[in-house]
Each structure stands twice: as structure tokens, then as C-alpha cells.
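Please read them with the structure open.

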Amino acid sequence: MTGKVPEPSVLTLADYERLARGRLAPDVWDWIAGGAGEERTLAANIEAFDHVRLLPRLLTGAPAPDPATKVLGTTWSAPVGVAPMAYHTIAHPEGELATVRAAGDVGVPVVVGTFAGRTFEELASQARAPLWLQTYCFRDRAVTRELVARAEGAGFEALVLTADAPRLGRRLRDLRNGFRLPPGIVPANLPEADYSSPGSHARTEFDPAMDWSIVDWLRSISRLPVLIKGLLAPGDAIRALEAGADGIVVSNHGGRQLDGVPAAIEALPAIADAVAGRCTLLLDGGVRRATDVLAALASGADAVLMGRPVLYGLAVDGEAGVRRVLESVCEEFCDAMALAGAGSVEDLDPGLLGPPRPVATRRQSPPRGISAPTPPEDGRMRKEDLHASLADPVLDTMTFLNEITARYPDAVSFAPGRPFEGFFSVQDIHEHLDRYLDHLSRQGKSPEDIRTFLYQYGAAAGQIRDLVADSLRADEGIDVAPQAVVVTAGCQEAMLITLRALFRGPDDVLLVSMPAYVGITGAARLLDIPVTGVEEDPVTGLSCAAVEAAVHAERARGRRPKALYVVPDHSNPSGKTIDAQTRRELLDLASRFDFLVLEDSPYRGVSPGERVPTLKALDRDRRVVHLGSYSKTAFPGARVGFAVADQTVVDTDGSTTLLADELAKVKSMVTVNTSSLSQAVVAGMLLAADGELSKFNEPAARHYGHSLKTLLASLEEHFPADRRNAHRVHWNAPTGGFFLAVRVPFPADEQALVRSAEDFGVIWTPMSYFHPNGGGENTLRLSFSLLTPDRIRSGVRRLAEFIEAETARTSV
């Protein structure tokens with residue numbers, strides 16, 4: 001790691017990134033380059049800088065460029081500082097010491113991370129340029145107070161309060177890699193504890209109740225200037241000034257961000273207008289080259305902070321690598337100033353900014369900056385060159401849960417929403433297949449026809465549509481022609497092809513009942529479809545008033561709500577059921593506001609008790625696309641689902657088709673056709689049940705009903721009313737399905753899940769997985785479908801022990 005790189009003077013920032021990736025272990029690279037949703041945010045910041053167009057000024061008569069600038073009364077050699085980052089020692093043994101010495105040689109400041117691997121006093125003794133302290137507001141304020149006092153005593157010159165990380169972000173890649181900090185790499189300035197995995201110590205958990213009064217509190221314990229990092233809204237900038245902040249750092253990459261937030265450079269001009277020079281204004285996010293610095297200053301910033309390129313230089317060549325990275329940016333910034341006709345940083349104003357670069361031009365431009373200048377070595381691909389959805393945590397959630405379950409095989413897992421395997425028999429597969437083949441023979445199909453059916457590609461829309469339609473009529477009262485049915489490779493494909501067919505452009509929005517099944521939000525993300533959540537009421541579930549409010553809000557934004565996705569019966573993940581009256585009101589709402597309802601109801605056929613009519617059975621205006629699955633009611637491994645889409649589609653020439661025909665076109669380009677063998681086995685099951693799978697599944701429904709009662713009784717046993725109230729633990733009581741939700745008084749995140757699996761032998765699902773735009777942080781989902789009653793009772797006992805321990809841990 002410390003070996004010299006030949007001819008460092010000719011290395012570009014891009015070279016340092018490429019070389020660093022080759023030198024660091026894959027899990028360490030993941031930790032530095034991604035995590036906490038950062039990869040997607042970084043890509044958005046870089047793309048936003050690519051959108052900026054700079055207009056050079058000619059014949060200005062400016063003298064030789066002087067890049068020096070004054071920030072908070074201290075002169076920097078250039079308007080560039082080192083952004084706060086944790087654990088520099090993971091990139092190089094000297095860590096922050098090397099960074100601070102190199103920055104001092106160049107004459108630029110370092111914002112020292114709270115989780116630095118070197119003490120404040122040690123760093124201050126080596127500093128030859130300003131040091132600032134990145135400050136978190138910890139749950140234990142005494143920890144924050146001590147950190148600030150030590151930094152001030154060591155000669156640090158400012159505090160940078162990180163306001164955009166109310167909780168540790170979702171570092172799914174780190175958890176999936178089993179990443180732990182190497183031995184000996186610990187935060188040198190925090191209380192002694194096990195910091196080998198993020199969020200592992202209660203005293204250093206962030207205070208979720210932090211508000212603007214924190215500025216006054218910091219001023220009460222220190223005389224240092226206070227800057228607030230993470231603001232993106234002009235209104236928040238004004239509030240920061242009113243609260244007494246000395247500066248603002250515009251940044252959008254602290255922890256996990258909401259979808260749709262602007263890139264830092266996009267938010268900067270409006271904030272600059274709002275503060276109007278009344279405080280120091282910095283930018284942190286996506287700075288990868290000198291023209292990015294120029295663009296930030298022209299947009300109103302006083303200086304920028306740069307992060308990952310510094311760590312890349314550190315990983316490649318230690319102190320010399322950091323020095324070269326910073327020198328390169330500063331030298332190139334002088335060149336950029338000359339080309340812009342600027343003699344000093346005061347000459348960099350909005351007049352340098354041209355109209356935004358057209359999107360088409362941006363997409364045709366070659367990759368820029370440090371992110372993708374040269375082909376990777378060893379045939380590796382850059383994640384940032386792939387579709388942005390692949391960096392979205394929602395696409396990692398199920399993989400992460402599966403890996404956690406595999407890593408702790410002895411744990412009781414309430415995570416999988418899979419059917420109980422005690423009802424499966426291998427022999428049944430042969431019987432179902434033979435039954436359907438006999439059915440084809442009775443219909444007059446020849447042996448050659450049957451052979452073709454089984455061995456060849458079939459129709460894209462499916463070969464058992466008639467039996468599916470008959471079953472829906474017999475079992476659900478849904479009366480549609482077979483031509484309105486498309487047989488799919490599981491319900492997931494039904495979702496995907498329906499979304500692809502219905503959503504035309506970026507102004508079409510999908511509404512989803514929230515918390516939402518990750519399959520629909522993940523599919524929408526893959527297709528770049530905007531998603532707006534309609535929050536369920538904790539008690540009553542989906543509200544039509546909330547849906548109508550969401551429709552009005554989207555229309556006010558100039559967007560069209562095209563469809564609403566719901567799981568009306570025993571939903572995944574909350575377990576709630578929409579009552580009959582609300583279903584009728586929802587259909588009326590869909591007609592009045594011209595949107596479709598995507599109904600996904602896989603659990604009603606295996607739930608006990610009387611069933612409320614499906615939305616599709618109540619549908620008189622063809623407002624419902626019914627998405628179905630045989631994974632819970634028949635045969636999960638067959639992966640057979642369907643979509644019922646009987647809406648009429650009118651072409652420009654007046655000709656008409658069914659929406660199902662359009663879905664089949666999409667399917668033909670995705671999976672071509674659903675497995676004929678899988679269709680045959682499911683068809684045999686439908687024939688065995690005379691289409692009424694709900695009656696066929698009555699034993700399974702009784703089993704799941706008993707399992708649900710066992711789970712509820714076990715929760716009640718371990719958390720009777722007095723203990724439940726004392727621990728602030730609450731859960732709902734579904735009437736069927738596979739799931740229920742438990743609210744707890746601590747963050748039920750991935751770190752807590754790992755502790756639960758590792759220390760208590762019980763696994764559950766964080767409800768935050770089902771809130772892609774934030775929410776559900778204190779709730780976990782329990783699935784009981786795969787477990788025997790004894791395992792359920794054992795699992796709840798372990799869960800109660802975990803909840804007690806975690807509550808005590810987070811209350812320290």
C-alpha cells in the first residue's frame with residue numbers, strides 16, 4: 001500500500017481512483033466508495049456538475065490568477081478543503097496524520113472526522129493549515145461536549161455540525177460483505193468500545209431529536225464558529241442564520257437521502273441568494289476537478305470541500321499521494337481561473353454560468369473527472385457506469401436478508417414470506433402434470449400437440465388462460481374473458497410488464513400504499529418511474545382521503561398519478577386489510593380522478609375466515625388491473641402468476657385492443673413466454689380444485705391461522721400490557737396473511753438486525769425496507785408462515801430478549 005507510484009507528476013485524479021481500487025481489498029473499497037446510499041448520491045452530484053456550462057471571459061486584462069481566499073478570517077491558498085471522512089487509517093497506516101501534513105504543505109484546511117483514527121492533539125501537532133471538527137450531536141451530549149472541548153483546546157478553528165445524518169445510513173454492502181474494521185482501527189477520540197461495525201455503541205448513536213437549538217447549545221460550550229452541513233433548502237439556510245450559524249455547507253450525502261433531493265451544486269444558487277453573503281457558504285458533494293470548484297464559486301460558494309479523491313491519493317501513496325491530489329486540483333484551478341478571465345476568486349460570479357448543458361449532449365459526453373476516465377483493470381466494471389437503480393438500497397434488501405439467514409442457520413427467522421413446506425409433496429407434481437395432460441387429451445389434442453405444448457415456446461400471453469379465467473370466476477367472482485388474462489413468470493413479472501406498459505414518461509407517477517412491498521418499488525426504480533407513497537394510518541390502514549390528497553399534490557407539481565398499487569388483503573408488510581366500504585370509495589376515486597388501481601392480493605386464498613370481495617370483483621368501470629400469483633396458493637417454485645387487464649386501448653386510427661394484448665407485447669420482449677411445464681403443473685392443481693383454490697387450500701389456511709394465533713399469543717405472553725407499555729412495544733393483529741408489524745423504541749435497522757441474529761439467534765425484517773423515501777425506522781416485520789408453532793414460540797422468546805437488551809442499550 002505504501003509503495004511509490006512511477007512518475008506521480010503525470011498521474012491524474014482518475015489515475016488515483018483506478019490505482020486505489022486495485023490496491024484496496026474489495027470490502028474496503030466498498031466501504032470507501034459506497035454505502036449508506038452514497039453511491040447513487042455521488043452519481044447524481046457528478047452528473048449535476050456535468051450539466052453546468054461555463055462561459056469564458058476574454059480580454060479582461062486580469063493579472064495572473066491568485067487562487068487564495070479568506071474563510072472565517074483565515075487565508076487558504078485555494079478555495080478547496082478536505083471534507084470530513086472517517087477512518088483514514090483504513091486507506092493508509094498513517095491515516096489522518098498523512099492527510100493533515102499534506103494539506104498543510106498545500107495550504108488548505110482539513111475538516112477532521114469525528115471518527116478519526118488519530119487524536120485531535122496528535123493531528124494539531126502536525127497541522128500547518130486550519131483544522132475544523134466535524135461534529136455530530138450524539139444521544140449522549142456529554143460525548144459531544146468532550147469532543148468539542150478537546151478540539152478547541154488543541155487549536156481547531158471551527159465546528160462543522162453534520163445535520164443531514166439523523167441516523168446511521170444503510171450500509172447494505174458492508175453488511176453483505178461482512179465488513180468489519182481491521183483490528184486496531186478505531187476512533188481515537190470517542191469512548192472505548194467495539195467500533196468494528198457501524199452503529200455498534202449506544203453512546204455514539206446520533207440524537208434523533210436534534211433541532212435548531214443545537215446551535216445555541218454548541219455556542220454555550222465553545223467559542224468556535226459553527227457551520228451547519230447538509231442544508232439543501234433556502235428556508236433551512238435562513239433558519240440556520242436565525243439560529244446563529246456562522247456558515248453553511250451545502251451537501252446532500254450525509255446518511256441515506258430521500259429520493260428526488262437536488263444535487264449539492266443544484267441547490268447551491270438558491271441558498272446563496274437566500275443568505276446573500278451574510279455567512280460563509282461552502283459546497284461538499286461531487287467535486288472531482290478544478291472546473292467543479294470554479295462552477296461552485298460562480299454559483300455562490302466561498303470554497304468547496306473534497307472527499308474521496310483525497311482517500312484515493314492516500315491509499316496509493318500516503319502523504320505524497322494526498323499532496324499530489326490537492327496540488328493537482330489547486331494548479332488546475334489556477335488554469336481554469338485564467339481561462340475564465342479571473343484574476344482573483346472575487347471575479348468568479350454567476351456571469352460565468354451559461355445555460356444548462358442539454359441532456360442529450362450530457363449523455364453523449366465521455367465520462368469525466370475521477371469517476372470514469374480510463375477502462376478499469378482486470379476486466380472489472382464500474383458500478384457508476386451501470387443503471388443508477390443498481391445502487392439503490394431497495395434492490396439489496398432481499399439479498400441482504402437471504403445472506404443474513406444463511407450466515408446464521410440456527411437462528412429463528414421471521415424474515416421469509418414463504419409458504420409452509422409441510423404441505424408440499426414431490427409426488428403431487430407428477431399427479432398435477434398427468435391430470436392436465438389428460439385434460440388436453442380429452443379436449444382432442446393429439447400426442448404431437450401435447451409434445452409441442454410441453455417442449456416448445458408457447459404463446460406470450462400464456463397457454464392456460466382459460467383455466468385461470470374459470471378459476472377467477474369460481475373462486476373470486478371476477479368475470480373476465482380468457483383474452484383479458486396474461487400468464488406471467490410470477491407476479492413480479494406481472495408488475496414489471498404492467499408498469500412498463502402504463503407509464504409513458506417522467507411526469508407519470510405511481511402511487512403506492514406505504515409501507516409498500518419492495519417488489520413494486522424496486523420494479524418502478526428499475527424503470528425510472530417516480531413513486532409517491534400514500535402513508536397508511538397505523539390503525540385503520542389506507543385512507544381514501546390520503547389518496548385524494550396525494551393525487552392533488554402530484555397534479556399541483558405538474559405530474560399525473562397514473563396508477564395506485566395496493567395489497568388490499570393482509571398486506572405485505574403491515575398485514576392490514578382494506579374494508580369493503582373503503583374499497584368502493586377507492587374505486588369511485590379512481591374513476592373521478594382517472595387513474596388505475598393495481599390490485600395485488602396473494603394471501604387471501606390461504607387466509608382463514610370470510611373474505612372481503614376483491615377490488616376487481618367490485619370493478620364496474622374497468623379501473624382495476626388485478627395482479628395474481630400462484631406462489632402462495634399452489635406452487636411457489638413454478639413461478640406462475642398472471643395479470644387481468646380487461647381495459648380497452650384505443651389506437652390513433654380508432655382500432656381497439658385489450659390492455660392485456662399490450663402487456664403480452666412487453667412480456668414477449670422480457671421472458672418470451674412463461675414455462676410451459678410450470679403452466680401445466682399449475683393447471684393440474686386448478687383442475688384438482690375445480691378452480692376453487694381457496695377451498696383446496698383450507699387446510700393451509702387453518703395452519704396459517706393457527707400460526708398467527710400462536711405468534712399473537714406468544715407476543716402477549718412475553719409482553720403483557722404493563723411490560724408492553726413500559727417498553728413502548730406495540731403490534732397489530734391481522735386476521736390473516738403471513739405478516740404483522742411490531743413497533744419498538746429503538747432504530748430497527750440493519751445494524752440492530754445483525755446484533756439480533758448474532759447475539760440472540762432471531763431474524764426479522766426492518767420495516768424501513770418498505771419505506772423507500774424514509775420511514776418505518778422503529779418498526780420490524782415478522783413473518784410467521786414458514787415456521788412451526790414451536791419455532792414461533794422459541795423465536796418470540798428470543799425476540800423479547802433482544803428487544804429488552806436493545807432498549808436498555810439505546811437508553812444509555
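**Notes on the predicted model**

1. Start with helix H12. Most of H12 is covered, with 23 of its 32 residues buried. The helix runs over residues 308-339, yet its end C-alpha atoms are only 27 Å apart. A straight helix would reach 46 Å at 1.5 Å a residue. Where does H12 bend? The bend is at Asp317, and it is about 140°. After the helix comes Gly341, with a positive phi near 75°.

2. Now the whole chain. This is a predicted model, so every point here concerns a prediction. The chain has 29 helices and 25 strands. Of its 812 residues, 58% count as buried. Among contacts with a separation of 6 or more, 74% are between residues 24 or more positions apart.

3. Look next at the second largest pocket. It holds about 1,200 Å³ of space. Its lining has 49 residues, and Met398, Pro416, Gly417, Arg418 and Tyr517 lie nearest the centre. By class, the lining divides into 29 nonpolar, 13 polar and seven charged residues. Which helix supplies the largest share of this lining? That is H14, with six residues. H14 (397-407), H18 (490-502) and H19 (518-526) each supply at least two lining residues.

4. Eight of its nine residues are buried, so the helix is largely enclosed by the rest of the structure. The buried residues are Val518, Gly519, Ile520, Thr521, Gly522, Ala523, Ala524 and Arg525. Just after H19, Asp528 has a positive phi of about 60°. In the loop between strand E13 (508-514) and H19 sits Pro515. The peptide bond from Met514 to Pro515 is cis, with omega near 15°.

5. A cis bond also joins Asn572 and Pro573, with omega about 25°. Pro573 is in the loop between E15 and H21. Ser571 is in the loop between strand E15 (560-566) and helix H21 (580-593). Is Ser571 buried or exposed? Ser571 counts as buried, because its relative accessibility is 4%, under the 20% cut-off. Leaving aside residues up to four places away in sequence, Ser571 touches Glu536, Lys576 and Phe739.

6. Check the positive phi values. Most residues other than glycine have a negative phi, and most peptide bonds are trans. Asp594 has a positive phi near 55°. Asp594 lies in the loop between H21 and E16 and is partly exposed at 38% relative accessibility. Asp690 has a positive phi near 50°. Asp690 lies in the loop between helix H24 (676-688) and H25. At 65% relative accessible area, Asp690 is exposed.

7. Leu467 lies in helix H17 (residues 465-476). With a relative accessible area of 10%, Leu467 is buried. Which residues does Leu467 touch, not counting residues up to four places away in sequence? They are Tyr436, His439, Ala683, Leu686 and Leu687.

8. Rolling a probe the size of a water molecule over the atoms shows where empty space is left. The count comes to six cavities of 30 Å³ or more. The second largest cavity holds about 230 Å³. It is lined by 19 residues, and Asp475, Glu476, Ser629, Thr633 and Phe642 are the closest to its centre. H17, strand E17 (624-629) and helix H25 (693-696) each give two or more residues to this lining. The lining of the second largest cavity has six nonpolar, eight polar and five charged residues.

9. Last, Pro602. It is in the loop between strand E16 (596-600) and helix H22 (615-618). Pro602 counts as buried, at 10% relative accessibility. Pro602 touches Val567, Ser629, Lys632 and Thr633, not counting residues up to four places away in sequence. Of these, Ser629 and Thr633 are also among the residues closest to the centre of the second largest cavity. Pro602 and Tyr630 are 28 residues apart in sequence, with 7.5 Å between their C-alpha atoms.

Conventions. Residues numbered from 1 in each chain as written. Predicted model: local features only at pLDDT ≥ 70, side-chain atom pairs only at ≥ 80, totals over all residues. Heavy atoms only, no water. Helix = DSSP H or I, 4+ residues; strand = E, 2+ residues; numbered from the N terminus. Expected span 1.5 Å × (residues − 1). Bend = angle between axes of the 7 residues up to and from the residue. Buried < 20%, exposed > 50% of the residue type's maximum accessible area, 1.4 Å probe, protein only. 1 Å grid on protein atoms, 1.4 Å probe; cavity = no way out; pocket = protein on both sides within 12 Å on 5 of 7 lines; lining within 4 Å. Points joined across faces, edges and corners; volume = space filled by probe spheres on them. Nonpolar A, V, L, I, M, F, W, Y, C, P; charged D, E, K, R; others polar. Contact = heavy atoms within 4.5 Å.
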